[in-house]
Amino acid sequence: MSEIFESVREILAEALGADEDEITLSASLTGDLEAESIDFLDIVFRLEKKFSTPERPFKLEQGELFPENLMENSEWVVDGKLTDAGMDMLRKRMPHVDFSAFDSDRDVNHVSELFTVKSIVDFVERKLAVPA
Amino acid sequence: MRWMWIDRIVEFEPNQRLVAIKNVSLAEEHLHDHFAAGDGLPALPLMPATLLIEGMAQTAGILVGSVGGFKEKVILGKITSARFDADVFPGQTVRYEARLERIDAHGASTRVVVTRNTHAGDGWEPLGRADLLFSHIDQNLAGVTFPKENFVFSETFRTVLRAAGLEGLYS
């Protein structure tokens, strides 16, 4: 765990121009670390570069780490709020994010605030644990 | 032909590398303000670093755009880092060498290295570098739609490509 955390911390420090001490496991990417959408792309590219090996490329599919285009799906979002189907989808697709507190809010604009440093570390661990 | 901060493409390796040069000329209007005489100091025309970055972005942006036949609207999203170790003066030439690091449906990351030729006999010397991240805006910014035609790769870009024999890259 800590080796992956070190690497993720280094990546976030470079991508977000943040001090390493600010990058704690519970720090929210958009809240505490002020990440913007273009930074998410930077982070994805750096994770791919860092965790790829010649024998095993580390490739992230669109929307695999951060969910995308939520607003456009009327099954998942109605009047700016996640539906039950939307919540199910989020929980299934993003096992690396903790949605329990979000259940009472469900405002789609608040989804990105749920992403913490720990979400990324968990994501990388899960993905690396899948047999190649 | 207005906002063109590269003069000519000189090398191209598809999907990998693109090199362009720009000659800095005293005929460029802004140099007379950058910097004009004042406070007891004489005028000192030199190329603004922001325009060096624009030249780097145009070089790298063409490389990124060429991968998809210039169908994607490629916009500079983030200057991840940039440094310059010297200034560029009228009469000198800058050379931008862009390398493509990663590209996917959302965008691309590139590194551009700049060198300078002072034409005083020493050839090309290091000037600086920048890491530039581009966004394919049609695939991002959910909910925002852009005009159908590609307003990024305009006629001016086509002219530069044509001069290098690369117009065929448009699909």
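Two residues count as in contact if their C-beta atoms, placed from the backbone, lie within 7 Å. This is a predicted model, where local features need pLDDT of at least 70, side-chain atom pairs count only at pLDDT 80 or more, and totals for chains, interfaces and linings use all residues. Residues are numbered from 1 along each chain as its sequence is written, with chains lettered from A and ligands numbered from 1 in the order in which they are written.

**View 1. Where chain A meets chain B.** Chain A puts 12 residues into the contact and chain B puts in 13 residues. On chain A, the side touching chain B has 5 charged, 4 nonpolar and 3 polar residues (Ala, Val, Leu, Ile, Met, Phe, Trp, Tyr, Cys and Pro count as nonpolar, Asp, Glu, Lys and Arg as charged, and the others, Gly among them, as polar).

View 2. Strands 1 (residues 8–13) and 2 (residues 17–23) of chain B run antiparallel, joined by 5 bridges. (Strands, E, at least two residues, and helices, H or I, at least four, are DSSP runs numbered from the N terminus; two strands pair if DSSP finds at least two bridges between them.) Phe12(B) sits opposite Leu18(B), and Glu13(B) has Arg17(B) as its bridge partner. The hairpin leaves 3 residues between its strands, and Asn15(B) in the turn has a positive phi of about 65 degrees.

**View 3. The open sheet of chain B.** Its 6 strands come in the order 1-2-4-5-6-3, with antiparallel pairing. Strand 1 and strand 3 (74–84) of chain B are at the edges with a single partner strand each, so one side of each has no neighbour in the sheet.
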